[in-house]
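Please open the structure in your viewer and keep the selection tool at hand.

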Amino acid sequence: MAADQRPKADTLALRQRLISSSCRLFFPEDPVKIVRAQGQYMYDEQGAEYIDCISNVAHVGHCHPLVVQAAHEQNQVLNTNSRYLHDNIVDYAQRLSETLPEQLCVFYFLNSGSEANDLALRLARHYTGHQDVVVLDHAYHGHLSSLIDISPYKFRNLDGQKEWVHVAPLPDTYRGPYREDHPNPAMAYANEVKRVVSSAQEKGRKIAAFFAESLPSVGGQIIPPAGYFSQVADPRVSHLLCHRHIRKAGGVFVADEIQVGFGRVGKHFWAFQLQGKDFVPDIVTMGKSIGNGHPVACVAATQPVARAFEATGVEYFNTFGGSPVSCAVGLAVLNVLEKEQLQDHATSVGSFLMELLGQQKIKHPIVGDVRGVGLFIGVDLIKDEATRTPATEEAAYLVSRLKENYVLLSTDGPGRNILKFKPPMCFSLDNARQVVAKLDAILTDMEEKVRSCETLRLQP
């Protein structure tokens, strides 16, 4: 029997028997069985159509025909490892280089964002000769052991913080110590990094890298204040050791663009560029969206960082990273972004969606904050305006109701109370209207009928 013909209950029973419960489903109380997808839409086994507001992986749209065609045509000719000379890998590297500052000119290809961040960590340590890493609170950088260790989102529930990991406050101007009324939150949060670095140095520790998502995603769709990264690592001096904070400590700056790059922010191709035209990281990691669902990832580094790694004499080889098919897919994604002007589309649709959500903030007290740029938007749900207590149960109830209304949306943040909008880039103005109309109707119903969190418990 074809998988899409098996009854949903049978598939769920098989999954529960064969797949670890650590591998969780969306909407675990009532999972959706998705059998196909196209563009910004997903379809269940009954043919019901859902608007996908979750998948930043299907960057240019689920099953985009040009991406599918590129993979199919290359698969019919050759798919082998990158030790053979081939046009696709150099063509892809060249196209990526055209989107980045000229200093970021050496590329490594891999299969996943986790692999990319693991390699970035190795590059940073080889270049600096140091071991320690500064990360932002609530960060998540991947599922490998090396990355769990630099992901407070994970390690706080596992073995705890390693002595070589140092955690700086999330630059959150809504919930953090320096909020929207602070005269200079960028400098205030950067000074927190300085404090963390100084504390580590007093203990004899040496900093290899500052690791940060350009827009913290798991942390709650955070938009760092403009100039924060520049204050953390001043780019006005060379990429060698400079006089401020991270680089003064001998470290490098790693920008994790895995969830937020490739035009999602609209104004720029890369989210780190929101911090100013002069800010250039030493290393940039990318994944998820760059393959539109195909396992492709990349690390871009400066010449000095790459040369230090090469000087070890140990080659970097990844069996499937940079394969002809992976690079053909990567090139196709770039072509679609350009042909369909999806970066500009993200700006216009994202601005419209922010405007509609802002109207919901005025109308519904539960909406404490609406923040975002392009098609990376967070809606912070609160129990009380004064304390900004996360409305965790209400957020879970809301996304469950949205799913019943054929909208797929997820929550994130330390309090699991942030509605997280990161749809495929083809998400339309009409989709924005439909989603917010349904959101409005559900919030209105909640206000009329729900009096306490106890009544929000989902019924089995």
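A residue is called buried when its relative accessible area is under 20%. The model shown here is a predicted one.

Select residues 376-381, which form strand S12. How many of its six residues are buried? Six of the six are, and the strand is mostly covered. In a regular strand the side chains alternate between the two faces of the sheet. On one side of S12 lie Phe376, Gly378 and Asp380, and on the other Ile377, Val379 and Leu381; both faces are covered.

Two residues separate S11 and S12, and the two strands form a hairpin. Select Gly374 in the turn: its phi is positive, at about 60 degrees.

Strands of a sheet pair through backbone hydrogen bonds, either parallel or antiparallel. Select strands S1, S2, S3 and S13, which form an open sheet in the order S1-S2-S3-S13, with mixed pairing. Its edge strands are S1 (34-38) and S13 (407-408), each of which pairs on one side only. Strand S2 (residues 41-44) runs antiparallel to S1, and four bridges join the two. Ala37 has Met42 in S2 as its bridge partner.

**Stop four: the nonpolar interior.** In soluble globular proteins, nonpolar side chains tend to be buried together. The largest nonpolar core of this model has 90 residues; Tyr92, Phe210, Tyr228, Phe262, Met286 and Phe421 have the most contacts inside it. Helix H11 (residues 324-339) contributes the largest share, nine residues. Apart from this core lies another, of 28 residues, including Tyr108, Ala120, Val133 and Phe211. Now select Phe262: leaving aside neighbours within four places in sequence, its contacts include His59, Tyr92, Trp270, Met286, Leu334 and Met425.

Finally, select Leu14, Leu18 and Ile19, which make a nonpolar surface patch of about 250 Å². Leu14 belongs to helix H1 (residues 8-18). Why does Leu14 count as partly exposed? Leu14 does so because its relative accessibility is 30%, and partly exposed covers values between the buried limit of 20% and the exposed limit of 50%.

Definitions and conventions:
Residues numbered from 1 in each chain as written. Predicted model: local features only at pLDDT ≥ 70, side-chain atom pairs only at ≥ 80, totals over all residues. Heavy atoms only, no water. Pairing = 2+ DSSP bridges. Patch = residues over 30% accessible without salt bridge, like charges linked within 9 Å, V, L, I, M, F, W, Y side chains within 5 Å. Areas by Shrake-Rupley, 256 points an atom, 1.4 Å probe, with all protein chains shown as cover. Salt bridge = Lys/Arg side-chain N within 4 Å of Asp/Glu carboxyl O. Buried < 20%, exposed > 50% of the residue type's maximum accessible area, 1.4 Å probe, protein only. Core = buried A, V, L, I, M, F, W, Y, C linked by side-chain atoms within 4.5 Å. Contact = heavy atoms within 4.5 Å.
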